[in-house]
Amino acid sequence: MEYMFFIAGAIAIVATVRVVTAMHAVHALLYLIVSLLAVALVFFTLGAPFAAALEVIIYAGAIMVLFVFVMMMLNLGKADAERERSWLSPGMWIGPAVLAGLLLIELAWLVAQGAGAPAVRQSVEPKAVGVALFGNYVLGVELASMLLLAGLVGAYHVGRRRADETD
Amino acid sequence: MTPIALGLANVFGVLVIVLAVAALLIWVERRLLGLWQDRYGPNRVGPFGLLQVVADMIKIFMKEDWVPPFADKAVLVLAPQIIAIVTLVAFAVVPIAPGIGVVNLNIGLLFFLAMSSLGVYSLALGGWASNSKYSLLGGFRAAAQLLSYEVFMGLSLMGVVMLAGTFDLRAIVEAQRHLWFIVPQFVGFVVFTIAGIAEMRRLPFDLPEADAELVAGFHTEYSGFKFGLFFVGEYIGLVLICAMIVTLFLGGWLGPWLPPVVWFVVKTAVLIAFFILLRAALPRPRYDQLMAYGWKVMLPLALVNLAVTGAIVVARAPAH
């Protein structure tokens, strides 16, 4: 399991880097999907199979499909890849790299302090997730549901056909 | 046998049998369609035309592996592999009989849903990478159709999960020892079957291919082996959906007298024949009809089923 975790983690990192550096939007998206699948495997090796399954079903299997759907409609070609290349000039990297480097140092320091205790090697059953969600975190669930409802109403409003419009 | 040998035997046994069944289905489907449409179907090659499968295979392997110059090559090659791989991997959790089956996951049902939700990439990316208008239209349709029907495909199964109290497919089968879930979950069964046909893009829901309007939809630019992968993926998907319906609603391997494996095979075979009959009998709807049917009829039905089942389960639960 330990090796699985490190392999999946490495794949996630490489794929995520490729998401940023890939010139073609659809290829970048494919790397993002790979990254999500790798993260799902990380969850699985950490003993959270339920979270892993949901990661694949919701993120990789539904949300990313919508991304792909939109990308397909944009008809991106060579010109867009060229423009993308011009945006990714080396100077661009300095700011994010410094900030990310600081985070990395912080993380390394925390790990060195022993704060990152070894992950609990005990599988979390789906039932336990449900009990926690609708017990301790019920307020969060309700807030999320309201947010989703707002999104639903908004989408309905945008897509609504006015009375004076016909086919 | 040692556990490892047993595990390997299961893995390769299931793999070989599933692939063989998928190949054989090419012949079975054409013969059955012929029977129901009052014509012969393939009956020339070998006894009853059985060797037609072999002939088709040889033909498909011998064809030139053609990549259109205008296509996105990497994605074009990747796309058909996705559908074949995810449907085969999903078979890993199907409990065929006690002791037969590749793995026993405690989230088996979710694993099946996860794999079937990844299958959509195959069609969408194949349609996009081909860089042709018919393929793109087919890809669009596939993405919208599969995403829509996937929503209530998952929802329709939650009634079963509530009654069985687990996502473990073996435990779900065991929970049906006294009563198959098709009785208390008849609505769930109907919704799941319809969603399953749509997920596997079988006629009448084969809008992503729709030969009459889109040439061949998302796989217009595919030929030879790559087309073969799409084709095999579709048949594996058909077997998979039938096996899942048997597992979730028809008591899996349970049944009197006969050994468990036989029951599982018989039930699955009957369902496959039923799916082929549907193909022979039903016309293809318009695309907007398909979408309206999914979102306005099937989704509310699945939600009502979920709410009613939940209420009954809570009402019958012993008070704390």
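Modeller: In this predicted model, helix α7 (residues 186-199) of chain B packs against helix α11 (residues 287-316) of chain B at an angle of about 145°, and their axes are 9 Å apart. Axes are lines fitted to C-alpha atoms, for helices over the stretch in contact, and angles run from 0 to 180 degrees between N-to-C directions. Helices are DSSP runs (H or I, at least four residues), numbered from the N terminus. α7(B) passes α11(B) in a left-handed crossing; that is, the near helix is turned anticlockwise from the far one by less than a right angle, while clockwise would be right-handed. α7(B) contributes Val187(B), Gly188(B), Val191(B) and Ile194(B) to the contact. From α11(B) come Tyr293(B), Met298(B), Leu301(B), Ala302(B) and Asn305(B). Contact means heavy atoms within 4.5 Å. By class, these residues are 7 nonpolar, 2 polar and no charged. Ala, Val, Leu, Ile, Met, Phe, Trp, Tyr, Cys and Pro count as nonpolar, Asp, Glu, Lys and Arg as charged, and the others, Gly among them, as polar.

Next, helix α9 (residues 224-249) of chain B and helix α10 (residues 260-281) of chain B. Their axes come within 9 Å and cross at roughly 125°. α9(B) and α10(B) are therefore oblique to each other (under 35 degrees is roughly parallel, over 145 roughly antiparallel, 65 to 115 roughly perpendicular, the rest oblique). The crossing of α9(B) past α10(B) is right-handed. Leu238(B), Ile241(B) and Ile245(B) are among the α9(B) residues in contact, and the α10(B) side includes Phe264(B), Leu271(B) and Phe275(B). This contact of α9(B) with α10(B) has 11 nonpolar, 2 polar and 1 charged residues.

Lys226(B) also forms a salt bridge with Asp65(B), with the closest N and O atoms 2.8 Å apart. The rule is a side-chain nitrogen of Lys or Arg within 4 Å of a carboxyl oxygen of Asp or Glu. Lys226(B) lies in α9 of chain B and Asp65(B) in the loop between α2 (52-62) and α3 (73-90) of chain B, so the pair ties together parts 161 residues apart in sequence.

Now confidence. Chain B averages a pLDDT of 85, and 99% of the residues score at least 70. pLDDT is the predictor's confidence in each residue, from 0 to 100. The complex gets an ipTM of 0.80 and a pTM of 0.84.

Residues are numbered from 1 along each chain as its sequence is written, and chains are lettered from A and ligands numbered from 1 in the order in which they are written. Local features need pLDDT of at least 70, side-chain atom pairs count only at pLDDT 80 or more, and totals for chains, interfaces and linings use all residues; side-chain values use heavy atoms, with hydrogens and water left out.

How values were computed
Helix = DSSP H or I, 4+ residues; strand = E, 2+ residues; numbered from the N terminus.
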